[in-house]
Amino acid sequence: MVMNATDVEAKVRELRERIRHHDHLYYVLDSPEISDHEYDALMRELRELEEKHSDLITPDSPTQRVSGKPAPAFGTVVHETPMQSLENAMTLEELQEFEERIRRKGISGPIEYCVEHKVDGLAVALTYENGTLTKGATRGDGVRGEDITLNLRTIKRIPLKLAGKPPGRLVVRGEVFINKDEFKRLNEERAARGEPLFANPRNAAAGSVRQLDARITASRKLDLFVYSADWPDMKLAAHSEVLQRVRSFGLHTNPRNEVVPDLSVAMELCRRTQESHQEIPYETDGMVLKVNSLNLQKTLGATSRAPRWAIAYKFPPAEAVSTVRDILVQVGRTGALTPVASLDPVEVDGSTVSRATLHNEDEIRRKDVRVGDTVVVRKAGMVIPEIVAVLPEKRTGRERTFEMPTRCPVCGSEVEREKGEAVSRCTGAGCPAQLKERIRHFVSRRAMDIEGFGDKLIDRLVDEGMLKSAADLYHLIAEDLVALERMGKTLAAKLIRHVDESRDRPWNRALFGLGIRHVGEHTAQVLSRRFPSIEPLSSATIEELTRIPEIGPEIALSIRLFFAQEGNRKILDQLMKAGVRLRESSEEFRETPRAGNLEGRQFVLTGTLSSFTRDEASEKIQARGGRVTGTVTRKTDYLVCGENPGSKYAKARELGVRILSEEEFLALLENA
Ligand code: AMP
């Protein structure tokens, strides 16, 4: 279609409005509604129109600056040099075009690149003065960012004081991100608390860093890769040398960065990483190619938006288009009803997707998903597939809107939605769907880890009335399974053995397995350290519970309600009679900070403690029978970690050595 001048102007205006709307959702509300790819496509469309009709370019067009506004809750930091965006390449051919543009500046011969992962997190700038961290800011709109110094100071990977001989004033830029494992843990925890889940690791990282309460940031395992730095008189020739120098100051850079001799090798690296990036422990959405020579970088310079010496190659998204056949409702272990879209099977990122979560009623309304709709489905690595957006132009008028049922689709009990909650719940105490989910949770790997009890087997056992609670697992005999599932005797015996072995699972995991609402893995761990067994926990008052840091009134109330229910008390009783150890073992007891003394325990100290010097700390440990050594090994029991810890911290994490904060260390001393 040929557009006339008025059409073009209207289209440009519309694109700008849409982009600004999505910027606001993304940067200010942390709640994007479209995928990065869709966003990039909008930007690209606008940029192309503006290139053809340069008279339409206005200074406030989103193409003329990096998107994003600082949220008003934080102070504002003006960046000394703007934090720019990166040019994007959607295909490998576009990387070649990028190099051709460089060549047009009269550059010949092979060009060396530093190829880096485009880590999906939050860009930050850190300022060090005389080696001390004085300021930390988000990118914001590139010129002005938010002052998040307090939050960034809680991230262990960010040194408060630099090592070596740093310049008097140093500004580094990098990406704060969260590993996939930590992301999963965070979301499981949020699910257990009935809180909305983070859509992806980037939102989790951004949401964690932009917390008004820095303690929340501190409780999450955030990481940082520094990807650029600048200081006066640096006298270095290449970007890779800058990163190397920065590393010598104790700042973390990505060990996966590669310097390659020319574009063909860079492209090969992009191709290979694209195939395997799902296995990398953090989320990446592409690769960044940076001209390595600083001289050449200077020659090439930058546009108002992005440097001309770098480009981001974006991996194709794990998205596909499908049709919603139906919207079903699943009943979870706490009775929560989750609407799930049943889709025409579609290939996304190498696997077939036929279901996608719609989270809750409000989410369906917000996205306006109807049965019969054509939708964009996304699979972000480890996250359950979800519907990103509806394509309204594909509607025929025969689509059907979804209504949350007023009765549980499984047991017929009434459905309730509490005020202020997004979730609707089945109120049926004996709902078999809830029971099945509770048992699935109980046997799951991170709880009692009872292998072999898959979804189908649990369904059958519940449907046949053989499991009325998780405790009934311990009364099953091999013959039951053989008769029910026509299972081989050897396999049946093996499953029963798995059940038997689970009686001795650690106390915190058994507690997590009980499936108390709001008690996720981490909270179970916190509780298990305070209460040596189920008895004192079951009689703890709300006041006692809320005195524990990290246990808020909502969790405390939910624990009280759990133990107040006759049915739950009966199950606990049965579990104990069946020999399930709902208490800590003597070994665990020694490992917890409530230990009677420190006899035979090995300590290593790192970082600066605020209460005393290292010598004083060593004396205190020794006075209680403990030993202090200089290196972290497998034999080390505790690493006491002060401010600005050294490499011992990484070593301890690698070996799984228990790391104590100063506060935990003080508690340990006090109790010993
Ligand atoms: P964009 O947001 O698409 O304009 O891309 C620029 C952003 O990419 C930066 O602000 C960083 O947040 C991010 N990024 C991630 N990894 C890197 C890297 N290795 N080098 C430069 N930028 C990176």
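This is a predicted model: local features need pLDDT of at least 70, side-chain atom pairs count only at pLDDT 80 or more; totals for chains, interfaces and linings use all residues.
Colleague: How many helices and strands does the chain have?
Modeller: Helices (H or I, at least four residues) and strands (E, at least two) are DSSP runs, numbered from the N terminus. On that basis, the secondary structure comes to 25 helices and 22 strands.

Colleague: What is the radius of gyration of the chain, and what does the globule rule give?
Modeller: The radius is taken over C-alpha atoms, and the globule rule is 2.2 Å times the number of residues to the power 0.38. For 672 residues the rule gives 26 Å, and the value for the chain is close to it, so the chain is as compact as a globular protein of that length. Along its principal axes the C-alpha trace spans about 80 × 75 × 50 Å. The radius of gyration is 28 Å, against 26 Å from the rule.

Colleague: What distance separates the centres of domain 2 and domain 3?
Modeller: The domain bounds come from an automatic or database domain assignment. That assignment gives domain 1 (5-64), domain 2 (88-314), domain 3 (319-416), domain 4 (432-577) and domain 5 (602-671). Taken over C-alpha atoms, the centres of domain 2 and domain 3 are separated by 35 Å.

Colleague: What share of the residues counts as buried?
Modeller: Buried means under 20% relative accessible area, exposed means over 50%, and partly exposed lies in between (1.4 Å probe, protein chains only). Of the 672 residues of the chain, the buried share is 49%.

Colleague: How are the rings of Phe-98 and Tyr-113 classed as a pair?
Modeller: Rings of Phe, Tyr and Trp (its six-membered ring) pair if their centres lie within 6.5 Å; planes under 30 degrees apart count as stacked, over 60 as edge-to-face and the rest as tilted. A search of the whole structure finds eleven aromatic pairs. The centres of the Phe-98 and Tyr-113 rings are 6.5 Å apart and their planes stand at 45°, so the pair is tilted.

Colleague: Where do Phe-98 and Tyr-113 lie, and are they buried or exposed?
Modeller: Phe-98 is in helix H3 (residues 92-103) and Tyr-113 is in strand E3 (residues 113-119), 15 residues apart. Phe-98 has a relative accessible area of 3%, and Tyr-113 has one of 0%. Phe-98 is therefore buried, and Tyr-113 is likewise buried.

Colleague: How are the rings of Phe-177 and Tyr-282 classed as a pair?
Modeller: Phe-177 lies in strand E7 (residues 169-178) and Tyr-282 in the loop between helix H9 (263-276) and strand E10 (284-291), so the pair ties together parts that are 105 residues apart in sequence. Both Phe-177 and Tyr-282 are buried. Their ring centres are 5.4 Å apart and their planes are at 65°, so the pair is edge-to-face.

Colleague: Which residues of helix H17 are buried?
Modeller: Helix H17 spans residues 521-530. Its buried residues are covered by elements including helix H5 (180-192), helix H16 (507-513) and helix H20 (553-564). The buried residues are Thr-523, Ala-524, Val-526, Leu-527 and Ser-528.

Colleague: Which residues does Met-90 contact, leaving aside its neighbours within four places in sequence?
Modeller: Met-90 is in the loop between strand E2 (88-89) and H3, and at 21% relative accessibility Met-90 counts as partly exposed. Contact means heavy atoms within 4.5 Å. With those neighbours left aside, Met-90 is in contact with His-37, Asp-40, Arg-44, Tyr-313 and Lys-314.

Colleague: How far apart in space are Val-371 and Thr-401?
Modeller: Val-371 is found in the loop between H11 and strand E15 (374-378) and is buried, with a relative accessible area of 9%. Val-371 and Thr-401 are 30 residues apart in sequence, while their C-alpha to C-alpha distance is 6.3 Å.

Colleague: What is the phi of His-359?
Modeller: His-359 is in the loop between strand E14 (351-357) and helix H11 (361-367). Most residues other than glycine have a negative phi. His-359 is a residue other than glycine with a positive phi, near 65°.

Technical notes. Residues are numbered from 1 along each chain as its sequence is written. Side-chain values use heavy atoms; hydrogens and water are left out.
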